[in-house]
Amino acid sequence: MKPAFSVPVKPVIQAPPLVEEALGDDERVELKARIKRLMKEQDAVLVAHYYTSGDLQDLAEETGGCVSDSLEMARFGHAHPAKTLIVAGVKFMGETSKILNPEKRVLMPDLAADCSLDLACPADEFAAFCDAYPDRVSVVYANTSAAVKARADWVVTSGIAAKIVKHLHRQGHKLLWAPDRHLGEYVRRVSGADMILWQGSCVVHEAFKAEALKKLHAEHPDAAVLVHPESPESVIALADVVGSTTQLIEAVRTLPNREFIVATDNGIFHKMHEVAPGKILLEAPTAGVGATCQSCAHCPWMAMNGLRKLAAVLEHGGNEILIEESIRARAAVSIQRMLDFAVAEKAGRIQLGD
Ligand code: 13P
Ligand code: SF4
């Protein structure tokens, strides 16, 4: 019988304008000192994503927190003893922290920091998708709301998606995947799994252009091309390395190339320059023929985070992530599956082969 649900055509998500915090040197020094004092008083630790400002990334490291990809952000916040977790990133990252740490206070500099993938996958539509295919295991990307995670069987991040899907495929499961169609296509290609894909996309990564990238590569033939798998298939096809933000930074650090063309949010250059100071980093093109970019390689929601907002949140309260307990508890199961898988795979208890 034909399921009474058709996967939505690609939803159009309008990104907000890109507004970055601009600070003078004196204000930066004053804000950082004030935030450090408040964090100490409130037993808080800062967990920041690589796409946030260099100021926030530096502050996280100076205060014993971490800067990482979404998988490690979840792990670090869970393992850290601080009573307050400050998540500088986008809303799903704050929610993931709260889901794993219900006893902790989780704050964000700006609760309006969303994500086009999360917005493209409303929980009621995702539930109808699952109901239409009850025989399939549902796998959702971490860039989703707590309610979507609560309905899913598995949550994955870009760093571990292919491994988990390969594992489920080998166990004989057919899958539903949401919301990123490009990451879904990539994972389907490398795993060979039978997957029905939601049609969301990232406004930042979708804007990278294959033809313009080929041209740039021809001008820099020795550069290695690094691509985040939220990018279109035609861009991924040109990559020397496809991976999560942490995996791309590792590639810059370890590959012998002197030049790199990087197809992901340019906030990542801050850490790349730090780990490999002598290397030359070029932004993959988002302009040229067919350019539609809303963000031009920088996420407008990530840019909503800043030192001023962080200081205000610590001073005046507010911006706390709260999740209804029944949703939180169910979402925790599907996230914990991913974390347990990561531990088992690292310990060699899960063999994936090629
Ligand atoms: P990572 O998990 O690779 O850091 O990706 C998160 C993200 O939102 C990329 O756009
Ligand atoms: Fe979402 Fe894309 Fe921004 Fe990442 S870069 S948070 S996927 S909109």
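Modeller: Val225 has Ile261, in strand E11, as its bridge partner. The model is predicted, so local features need pLDDT of at least 70 and side-chain atom pairs pLDDT 80 or more, while totals for chains, interfaces and linings use all residues. Residues are numbered from 1 along each chain as its sequence is written, chains are lettered from A and ligands numbered from 1 in the order written, and side-chain values use heavy atoms, without hydrogens or water.

Val225 belongs to E9, a strand that spans residues 224–227 (strands are DSSP runs of at least two residues, numbered from the N terminus). E9 runs parallel to E11, residues 259–263, and four bridges join the two (pairing requires at least two DSSP bridges). E9 also pairs with strand E10, residues 241–242, again in the parallel sense, through two bridges. In that pairing, Val241 of E10 stands opposite Leu226.

Which residues of E9 lie on each side, and are they buried or exposed? Ala224 and Leu226 lie on one side, Val225 and Val227 on the other, and all are buried, which leaves both faces of the strand covered (buried means under 20% relative accessible area with a 1.4 Å probe, protein chains only).

Turning to ligand 2, the residues that surround this molecule are Tyr51, Val90, Cys115, Ser116, Leu117, Asn143, Cys202, Val204, Glu230, Cys299, Trp301 and Met302 (each has a heavy atom within 4 Å of it). By class, the shell of ligand 2 has nine nonpolar residues, two polar and one charged (Ala, Val, Leu, Ile, Met, Phe, Trp, Tyr, Cys and Pro count as nonpolar, Asp, Glu, Lys and Arg as charged, the others as polar).

Terms used:
Buried means under 20% relative accessible area, exposed over 50%, partly exposed in between (1.4 Å probe, protein chains only).
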